[in-house]
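Please walk through this structure with the sequence and the model side by side.

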Amino acid sequence: MKKLFLGLIHIYQHLISPMTPATCRFYPTCSEYTREAIQVYGPIKGTWLGIKRISKCHPLHKGGFDPVPLKKDKTHKH
């Protein structure tokens with residue numbers, strides 16, 4: 001499933017996105033953010049993070065630098 005989602009993003013980034021004006025208010029772009037989120041968190045959580053990001057990409061949001069959050073280390077080393 002992860003490869004399928006990443007493949008769909010690849011198609012969007014290389015075939016569809018170049019034909020449309022650049023409108024993303026964020027860096028990295030929403031598609032790149034979603035791609036990175038899927039690579040880090042897997043297809044379900046990564047897609048959810050991408051959807052949340054895309055929902056903020058509108059003229060009323062200032063945008064700016066918004067990287068994929070770092071994965072929290074679940075081991076507690078003292």
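The paragraphs below take the chain as a whole, then a helix, then the charged and aromatic pairs.

This is a predicted model, in which local features need pLDDT of at least 70 and side-chain atom pairs count only at pLDDT 80 or more, while totals for chains, interfaces and linings use all residues. Residues are numbered from 1 along each chain as its sequence is written, and side-chain values use heavy atoms, with hydrogens and water left out.

The chain has 3 helices and 2 strands, where helices (H or I, at least four residues) and strands (E, at least two) are DSSP runs numbered from the N terminus. Along the sequence they follow the pattern α-β-α-α-β. The C-alpha atoms fill a box of roughly 50 × 30 × 15 Å, taken along the principal axes. Of the 78 residues, 28% count as buried; buried means under 20% relative accessible area, exposed over 50%, and partly exposed in between (1.4 Å probe, protein chains only). Taking a contact as heavy atoms within 4.5 Å, 70% of the contacts between residues at least 6 apart in sequence join residues at least 24 apart.

Helix α3 covers residues 43-55. Which residues of α3 are buried? They are Pro 43, Gly 46, Leu 49, Gly 50 and Arg 53. Seen down the axis of α3, these buried residues fall within an arc of 135 degrees, so they line one face of the helix; the arc is that of the directions from the helix axis to the C-beta atoms. What covers them includes α1 (2-16), β1 (26-27) and α2 (30-41). On the face of α3 turned away from its buried side are the exposed residues Ile 44 and Trp 48.

Next come the charged pairs. Side chains of opposite charge can pair when their charged atoms come close. With a salt bridge defined as a side-chain nitrogen of Lys or Arg within 4 Å of a carboxyl oxygen of Asp or Glu, the count comes to 3. One of the salt bridges joins Arg 35 and Glu 32, at 2.3 Å from N to O. Both residues lie in helix α2, 3 residues apart, about one turn of the helix. Arg 35 has 23% relative accessibility and therefore counts as partly exposed.

Arg 53, Lys 56 and Asp 66 are linked in a network of salt bridges. Between Arg 53 and Asp 66, the closest N and O atoms are 2.8 Å apart. This pair links distant parts of the chain, with Arg 53 in helix α3 and Asp 66 in the segment after β2 (64-65), 13 residues apart. Both Arg 53 and Asp 66 are buried. Lys 56 also forms a salt bridge with Asp 66, at 3.5 Å between the closest N and O atoms. Because Lys 56 lies in the loop between α3 and β2 and Asp 66 in the segment after β2, the pair ties together parts that are 10 residues apart in sequence. Lys 56 is partly exposed, with a relative accessible area of 31%.

Finally, a search of the whole structure finds 1 aromatic pair. Tyr 27 and Phe 65 are stacked, 6.2 Å centre to centre with 25 degrees between the planes. Rings of Phe, Tyr and Trp (its six-membered ring) pair if their centres lie within 6.5 Å; planes under 30 degrees apart count as stacked, over 60 as edge-to-face and the rest as tilted. Tyr 27 in strand β1 and Phe 65 in strand β2 are 38 residues apart. Tyr 27 counts as exposed at 58% relative accessibility, and Phe 65 is exposed at 63%.

Key: Expected span 1.5 Å × (residues − 1).
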